Amino acid sequence: MNTVALRVNGERLWSRLMEMGTIGATAHGGCNRQALTDLDLQGRALLSRWAQAAGCDVRLDAIGNMFVRRRGMDESLPVVMTGSHLDTQPTGGKFDGVYGVLAGLEVIESLNEHGIATRHPIELCVWCNEEGSRFPMAMMGSAVWSGRLSLHDAYALTDRDGVSVRSELDRLGLTAPALPRQAVKAALEVHIEQGPVLEQRRKTIGVVTGVQHMSRHEIVIHGQEAHAGPTPMHMRRVPVRALAQALPALYAAAAAQGPEARFTVGVIETRPGSANTVPGLLRFTVDVRHPDADRYAALKRAVHEVVRAALAEQTLEGEVRCVWEAPGVSFDAACVSAVRTAASSLGLAAIDMVSGAGHDSCNVAAVVPTAMVFVPCAGGLSHNEAESATAADLAAGANVLLHAMLALALE
Ligand SMILES: [Zn+2]
């Protein structure tokens, strides 16, 4: 069959999103279907029914990831994979993650309906505990799958009531023997953007080229507590002076790295925090992000240099240290190109973009060629019961997924 005219069934995709959304539905139109709860199990059961009706095999791995397989003409070939997550935040929406799973199922259904066989098998995965809201480890299932987190450490995670991942997997019957990771030719994930860029620029498709680099820094400056009245200015040791000197230079350093740089001073606090006392200590935080590795490194270095220079100038003691860092991800060029080609062949308005948020694809990309597709969401809102997207945009993203996967699975 000529596959150029092939499209997913957008109405079925929408009605399934709404049906999945009834499991854990909240008062304000959102979803509370947290990982490894009874509701999570119900969501998985619904997906399994749909997948089995579509003639697919469903299997689990040792950390409760689900894999739905559509056979290929050559079953010995590596799979072309897609997937996302079915778990939600406590006041989450109906689309975050769920859309990527049901769009993947829609790809399989569409191939079935048109009798299209692919050389490579296709696998749809549901990653366990992406949100990290109940068990404090976001992207847990994909981290175990990719070897970035040990099964032992994942099993030991507990929720606020002290219940462990291992005991919930057992209780829900979601454990299976550990399997060697399947060979994967390419992995794609379609997701709502969770930001405002596509909507503002009136584009339907984000071709996601990677995930930005990010880190947090904490700066502590020591001064000397003194009375605000009797102490002459030249006899004070004032940490705020170092901050005042550093801030303009820090904003300039961020601007020097172009419009994609993100620089945020989120916390500024003094101690003792009294209006008529020179503070003895000042603490502030800097959050730094950039999609480009060199520019990110330059900005991070500049933060430390600017602060040290301000301390030296003001002859004050202090420390600047990086307290958290998540390295960025550059997605695979061939996978990104498959997404871009699919969007353009469908005549959809698309732009390249970098994800500001983490996704399972960050872990997947560590071990197999990976890319992502974004579609707009209303007001850029996510992790919110009011999260919303249009049926047309969701169908467009699923069509991009379909054609990109088809191109990768046929050759
Ligand atoms: Zn998500």
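Modeller: The zinc ion is held by His85 (NE2), Asp96 (OD) and His191 (NE2), at 2.0 to 2.2 Å. Donors here are N, O and S atoms within 2.8 Å of the metal (3.2 Å for Na, K and Ca), and water is not among the atoms, so sites may look incomplete. Bear in mind that this is a predicted model: local features need pLDDT of at least 70, side-chain atom pairs count only at pLDDT 80 or more, and totals for chains, interfaces and linings use all residues. Residues are numbered from 1 along each chain as its sequence is written, and side-chain values use heavy atoms, with hydrogens and water left out.

Along the chain, the donors are spaced H-x10-D-x94-H. Histidine 85 and aspartate 96 sit 11 residues apart, both in the loop between β3 (79-84) and α3 (98-113); helices (H or I, at least four residues) and strands (E, at least two) are DSSP runs, numbered from the N terminus. Both residues are buried, meaning under 20% relative accessible area, with exposed over 50% and partly exposed in between (1.4 Å probe, protein chains only).

Now the backbone. Most residues other than glycine have a negative phi, and most peptide bonds are trans. Glutamine 194, in the loop between β5 (184-192) and α7 (197-200), has a positive phi near 65°. Arginine 202 also goes positive, at about 55°, in the loop between α7 and β6 (205-211). Arginine 202 counts as exposed because its relative accessibility is 74%. Finally, the arginine 271 to proline 272 peptide bond is cis, with omega near 5°, and proline 272 lies in the loop between β10 (268-271) and β11 (277-278).
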